[in-house]
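Please keep the sequence and the three-dimensional view at hand while reading.

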Amino acid sequence: MSLFVGRPNIPDIDKFLVKTKNILESKHLTNYGPMVRAFEERLTEYLGVKHAITVCNATIGLMVAINAMELSGEIILPSFTFIASAHALEWDGIKPVFCDIDPKTHNIDPVKIEELITDKTTAIMGVHIWGRVCPHDELLKIARKYNLKLIYDAAHAFGTTYKMKQAAALEDLSVLSFHATKAFNTFEGGAIITNNDKLAKKIRNYCNFSFEGEDNVTGLGINAKMSEIHAAMGLCNLDKLPDVIAHNKKVYECYKEKLSGINGISIIEYSENENNNYHYIITEIDESIFGKTRDELHKHLHENGVAARRYFHPGCHKSEPYRTLYPNLNLPFTENLCKNVLALPGGSGIDCIEQVNEVVALIKTCD
Ligand code: T4K
């Protein structure tokens, strides 16, 4: 058995090949061609937003968005996230100020934010970990109180809704990832989502070297464009998204039922207010009850063909360059979670429910 976390969703191959042929015959490969324009239109419809600006990946998308919002100094974000969230800030010359999480939700703890605000803070960056939406109302209240911007790393949150609203539609701005390993992919890619017309115009300008017209450069832009072939993948995968989420949910429900019979291992649960994309199967191991550590279980699964992942071990603040920059920073809830969390193969990494049974059976034989 070989099972993976983050197996890409592949669309209808014939449909994708037809689009590929059209792209090749048209000789319009990039620079906002018809595929990208059609994909952006579909995205705005699906998300219920005014602007969806496609980008080559979410990391660059975050960097562009931060520049366009004129953020500087310090930005507060959780340390329990993929390293790209922090790296995007550091590359933009901004100090990432790491905040601890709420161990119940794995998201940034709003109660701990205010004490981290200084006169250099310009924004709060929430990360919807596992597609679970951050406590938006609380974050927005703090942001408005201190005149800060609120930006979301929504890399995990495509297709996730909160109180009937798409997570990516929350103000002030969100950045989605369409990396191959996400619930929805364009091989590599992402999108910057905003309802602010002026900001959207600026972001578009930045994404294309700040060209206005043929040879008029108006600022310090970069190349963050999505190409036609990536957009074609996005268009085909969008058609499949409802089926993908339904499959993911079935897999999640099955794990939830089967794991409930094992003491010391719990699966993340969602509130009634949210509809997740159920892409990630996230468990926590309580060693004192399970009898083995998370790392022992991780090793056992790998030895038996299940490539479970220790996301996001050891936490951004314990990874370079932040470990050296902030050697005395301790975030107890983040560090504890980093020791105990294990992502199991889910979504399109699982073809049939029998494979869930096999993973659960393997977990039971960890000794
Ligand atoms: N913010 C957050 C919160 C993020 O999670 C991410 C990315 C970003 C920002 C940045 O987004 P992008 O700039 O990437 O758009 C993966 C992804 O590379 C990364 O995009 C993602 N988060 C992160 C959570 O997961 P790895 O190091 O786990 O990837 P990798 O290559 O080990 O793949 C995981 C598994 O997926 C493998 O075991 C095999 C399978 N796989 C992978 C690829 C690439 C396939 O079956 N086929 C494939 O093509 O980081």
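Lys15 is partly exposed, with a relative accessible area of 35%, where buried means under 20% relative accessible area, exposed means over 50%, and partly exposed lies in between, for a 1.4 Å probe and with protein chains only. The structure is a predicted model, in which local features need pLDDT of at least 70 and side-chain atom pairs count only at pLDDT 80 or more, while totals for chains, interfaces and linings use all residues. Residues are numbered from 1 along each chain as its sequence is written, and side-chain values use heavy atoms, with hydrogens and water left out.

Lys15 belongs to helix 1; helices (H or I, at least four residues) and strands (E, at least two) are DSSP runs, numbered from the N terminus. Leaving aside neighbours within four places in sequence, Lys15 is in contact with Cys236 and Asp239, contact meaning heavy atoms within 4.5 Å. The C-alpha atom of Lys15 is separated by 16 Å from that of Asp243, a residue 228 residues away along the chain.

Which residues make the contact between helix 1 and helix 7? The axes of helix 1 (residues 13–26) and helix 7 (residues 228–259) come within 10 Å and cross at roughly 150°, the axes being lines fitted to C-alpha atoms, for helices over the stretch in contact, with angles running from 0 to 180 degrees between N-to-C directions. That angle makes helix 1 roughly antiparallel to helix 7, since angles under 35 degrees count as roughly parallel, over 145 as roughly antiparallel, 65 to 115 as roughly perpendicular and the rest as oblique. Helix 1 contributes Lys15, Phe16, Lys19, Thr20 and Ile23 to the contact, and helix 7 contributes Glu228, Ile229, Ala232, Met233, Leu235, Cys236 and Asp239. By class, the contact of helix 1 with helix 7 has seven nonpolar, one polar and four charged residues; Ala, Val, Leu, Ile, Met, Phe, Trp, Tyr, Cys and Pro count as nonpolar, Asp, Glu, Lys and Arg as charged, and the others, Gly among them, as polar.

## Helix 7 against helix 12

Helix 7 also packs with helix 12 (residues 353–364), the two axes coming within 10 Å and crossing at roughly 35°. On the helix 7 side, Lys250, Val251, Cys254, Tyr255, Lys258 and Leu259 meet Ile353, Val356, Asn357, Val359, Val360 and Ile363 of helix 12. The contact of helix 7 with helix 12 has nine nonpolar, one polar and two charged residues.

## Helix 11 and Asn340

Asn340 lies in helix 11 (residues 332–340) and, at 19% relative accessibility, counts as buried. The buried residues of helix 11 are Thr334, Leu337, Cys338 and Asn340, and what covers them includes strand 4 (95–99), strand 15 (281–285), helix 9 (294–303) and strand 17 (341–344). Not counting residues up to four places away in sequence, Asn340 touches Thr283, Glu284, Ile285 and Arg294.

## Backbone features in loops

| Residues | Feature | Value |
|---|---|---|
| Tyr311 and Phe312 | cis peptide bond | omega about -10° |
| His313 and Pro314 | cis peptide bond | omega about 0° |
| Trp130 | positive phi, not a glycine | phi about 60° |
| Phe209 | positive phi, other than glycine | phi near 60° |

Phe312 lies in the loop between strand 16 (306–307) and helix 10 (322–325), and Pro314 is likewise placed in the loop between strand 16 and helix 10. Trp130 lies in the loop between strand 5 (121–127) and helix 5 (136–145), and at 0% relative accessibility Trp130 counts as buried. Phe209, in the loop between helix 6 (197–207) and strand 11 (211–212), is partly exposed, with a relative accessible area of 36%.

## The chain as a whole

How many helices and strands does the chain have? There are 12 helices and 17 strands in the chain. The radius of gyration of the chain is 21 Å, close to the 21 Å that the globule rule gives for 367 residues, so the chain is as compact as a globular protein of that length; the radius is taken over C-alpha atoms, and the rule is 2.2 Å times the number of residues to the power 0.38. Along its principal axes the C-alpha trace spans about 65 × 55 × 35 Å. Of the 367 residues of the chain, 55% count as buried. Among contacts between residues at least 6 apart in sequence, 70% join residues at least 24 apart.
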